[in-house]
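Trainee: Please take me through one part of this model in close detail. I would like the aromatic pairing, with its setting in the chain.

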Amino acid sequence: MRGNPVLRTNLRSGGKRLWAAGAAVVISVTFVVSALVLIGSFNRTMEAQAEADAAGADLVIGTGAFAWAEAPDGSDDGSGPGPDQELAEAVSELEGVAEAEALSHVFLEGEAAGMNLMLLAGSLPETRTIDIAEGSMPEQEGEILLAKEFAEAYDLGVGDTMPVNTERYNAETDTVEQDSAELTVSGLAGGTHRSVSGYLTPEGLGALDADHSPSSLRVALAGDAHGDPQAQEELQQQVAELIASMVERGELPADPAETEGGAPEILTQPDGSLLVAGVEIHTHQQIIDAWIAEHAGQSTVLVSIGLGFGAIAVFVASLVISNTFQVLVASRSRTMALLRAVGATAGQLRRATVAEGALLGLLGGVLGVLLGWSAASGIAFAAQRLWQESFASAELSVLAIAAGLTLGVLVTVLAAVMPALKAGRTSPMEALRPVEVASDQRRIAWVRTVLGILFAAGGLGGVLLAAVLHAPMIGATGAVVGFSGVLLMGRVLVPAVVSFLGRLVAALPQLRVPGRLAAQNARAVPRRTAVTTSALLIGVTLVSTMTMGAMTAQHSLSDELAERNPVDASLGTASEQTEQVLEESPTVVGHQQLPGAEATLDSEGIEAGSVEGRVILAEESAIEEIARSESVFQEEHSGGPVALISPDLLEAGMAESAEVTLTPHGTAESGALGAAITVTAAPASWVPADTVVLPEVLADTAELWSFESSAAMTVLRISESASMGDLTRLGNEVEASAGEVSLDAAMDRASYTQVIDTVLVVVLVLLAASVLVSVVGVSNTLALSVFERRREAALLRAMGMTRGSVGAMVTLEALLMAAVALVLGSGLGALFAWGGVSSLVARDDVTMVLSIPWDRMGMIWGVTFLAAALASFLPARALSRTPPAAGLSAQ
Amino acid sequence: MRTANTPSEAPTAIAVRAEALTKTYGSGDAAVRPLQNLSIGFPSGRFTAVMGPSGSGKSTLMHVLAGLDIPDSGEITLATGRGPVSFSGLNEKQLTLLRRSSVGFIFQAYNLIPAMTAEENIVLPASLGGGSTIDTAFFRQVVERLGLSERLHHRPFELSGGQQQRVAVARALVSRPSVVFADEPTGNLDQATGAEVLDLLRTAVDEFGQTVIMVTHDAAAAAQADSTVLLADGRVMETLHRPSAEQLAAAMLHAGSAAAAPVTARAIDGGMS
């Protein structure tokens, strides 16, 4: 630096002004570095998970293939040792093997915390040490050790019992036999458990009347060989040969196609594992690698999401940095000219500006790397606390440091190049020229404008086309091209719109002068106004596209769900007590009692042929109030009205519909037979057990029936904003008094809403970085415009403009730029959201209607205006403090 | 210490009066005292020039009289349309509003708002008031007299230096302030244009009855005024009535030799602007 007096002068004269550019560098580097560090953590977490699962085993032999194979001797009585156990025995006899244990698992279904629970339970592996977080190991039959994460998801604790259903396939009768059992949670296991979620003792597992599927064979070596990769590989080869010979001798089942030529072939797979007769043999390291490879997809997606949003933040930052340098050069033109006049070369000025950029980029990069690391550590810590205990801590990698620094320096230097060229062109004459009133140029960059219009029209047209053709790729390309077009047009468009809005604001008497001046200033420096607004526009467009897109997708899904399941929820009975609960629940929007009558239901479609159940009369007015669509009793294919029947009544495979005859309880004398009705009934998930819901139009003989409230059921309309938690709470509240509760449709909707909302939150958080940078850009632009307008402010103050009005002028300028970004961004966002969802949903019969979440959009507008006002706070204060006397004399 | 208010001008009212003004910048050795117990009254409807060597306190005096700066001690009273107003006790905002309604400025650098047309610049002080309206007839009269009728919709950079200064003069006059302060109004102009501007100020006084106080270095400019106040060392040295340029030049020479520390004062003067 000592060698470059120009750089020294620059840093001394304008160093303070670099903070905004510096902040932009720091924020974007922080974002990219924290993304990289977190992706590293994620990968290490996966590795650790794989490691934990393979821990203790030197070889893992996949025995899943034995599950479907017939026993080689053709006898499968289910009592003798399975092929996996036979193999385990053979392996344990090999030299150097300390232990070989065959693991199997069973599939269990149950219910916990109001949710259906599905659980793979296995036997406790002896070769793996399990870390007990709470409680103790299972010791008796009926005890189960649950993975902690699994137990927490279902709200289960030590000592809780859970009923489970089991299924066993009986080969002799070719039927599935069902049974049930009750398991008590003996303890919770920490760490990662990826193959099974619960462990029983081998006896306990055996006691469950369920199909036991072999899963794997874990082999441990004895003595020093344990954990030695070379010994593992040798044993791997031996085991492969053993399996081959056992298959050849018919001791192990295998696909006949593979054993045709005698002994099956031993294949070496690309990852080094061996495959013989459909059985995979992995060493410790290979199983870890295989698992990571299997999950690499997730990591790739994470990398592209992280870097995609990183790229947006970097692009916005480069706009802001380039802007800062442009204005720095402009504000220094007199100093530069003076340097030129005393003999500095154009090259020296250029180099000094670039060097300044490099220095700034380096400092920003270093700070960004440190901040990114801290942010990632914080997020990793939060993830450990809130999400996954085993999430790996953030570690700063060489890649992250290098990427952060390179990015910082590169972006800043590139952004400084254009201004540097301009700095080099400073004429020494400028130093001698007196300060004059500058004329404002109204030159329109035709190439840029025409190109912008072409891009915008073509791209946005592409989005429309994509929506009609359902071609997401065309849509995405169109959106990018169209948006670039709008950015290109920005220099002409944005100042014009800002100035127009300024004039509108000037119609208010209090803002007459500040409004006009803010409007005029936007025109006076069109480039700066356009670039600042562009940075803001990118953020606003992305945020509103995501918000409106989510809402539109949610609505179209919601319509789809309403079509499929018009009734949100139902209760099997109706009572005053239940009614009171429903009346008080904020989750329930509406509820109606539908009267019912005891009846006999006869149908060929019903498994037992005839069932004693009930018939519910659905009055049109009552159903209309509850249903979300008009097609409650419309069967998809027949078109005409049908009755609805509980799905579990219909025989499997008869899902479409069935003819059902409904006869009220009673005798021939009482006219019961005469009252019988035969209707087509289609299954609907909300209809309680043993019930047929009869629409009013089909109840021809209604007067002969006596529908009473004692056999009534209740149908509910649930608030659209109800969460899973609300629904579970509602379920618990009414369960006692209402009997059977069906919340399926509402649960479906809530879970979709939850998924969409979660994705939206994640995306918005990721976008925060670029929005932050663009707000820094606004502050920066205003600070520099304040610097240029000190004289003007002094004059206005002398003439009697109050401090408040002078400050308002600056704030107004920020608000006007924000307003333009919001108007343009919301408009583009609406188009992109609609086009995006339309092109993704490939259905011609559904016309996608844009749904605008007014509350969220209002929040976006509010926050953007607030941010702009905050960004203008310091510049506005600085300008309003201009002493009025400062404008009285020249310079 | 003499005042401008001599018996020969007796019946004239005072537009702005200063009593015992003191202003000090800095402290200790570096302290500069541009105003030292200065008292003066400027007659209403007259053209008064304020002259003095660099550092004599003339700029500070004008800033203080115009309410742009606040003296350390002393009292200023401005005769406004609603009676005399004393500056002491006014807060920043009240001073600002007082400037808006009762004080006009003409600057050395024309100081027009580049983003506004000539007409907008002229009505700027009135439009700052939000609701307050302008006397259209008077506006026409001033614009016509200053020869700006054809230029009203031009922007400052489309006007010559003389035209810009005429716009600035019109801006100072249309709101009929109690006092117009002119700070070296001829400093940036060639001789012919400078003479034209002085002529305009003279017209403002003679035809519109405006009170004008002009700070200047230029003896020829000061010779156009009804009277000239000579300052040195923050005090009033002398008040001359209709002096010739030669008299003024001589008086200035005298004042210059009496000035205590011109170099330091110059530096401070520069620092303030």
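Mentor: Chain A has 22 helices and 21 strands; helices (H or I, at least four residues) and strands (E, at least two) are DSSP runs, numbered from the N terminus. This is a predicted model, in which local features need pLDDT of at least 70, side-chain atom pairs count only at pLDDT 80 or more, and totals for chains, interfaces and linings use all residues. Residues are numbered from 1 along each chain as its sequence is written, chains are lettered from A in the order in which they are written, and side-chain values use heavy atoms, with hydrogens and water left out.

Now the pairing. Over all chains, a search of the whole structure finds 3 aromatic pairs. Trp861(A) and Phe865(A) form an edge-to-face pair, because their ring centres are 6.0 Å apart and their planes meet at 65°. The cut-offs: rings of Phe, Tyr and Trp (its six-membered ring) pair if their centres lie within 6.5 Å; planes under 30 degrees apart are stacked, over 60 edge-to-face, the rest tilted.

Both residues sit in helix H21 (residues 854–871) of chain A. They are 4 residues apart, so about one helical turn separates them.

Trp861(A) is partly exposed, at 28% relative accessibility. Phe865(A) is partly exposed too, at 26%. Buried means under 20% relative accessible area, exposed over 50%, partly exposed in between (1.4 Å probe, protein chains only). Of the 891 residues of chain A, 49% count as buried.

Last, the chain's contacts (heavy atoms within 4.5 Å). Among those in chain A between residues at least 6 apart in sequence, 79% join residues at least 24 apart.
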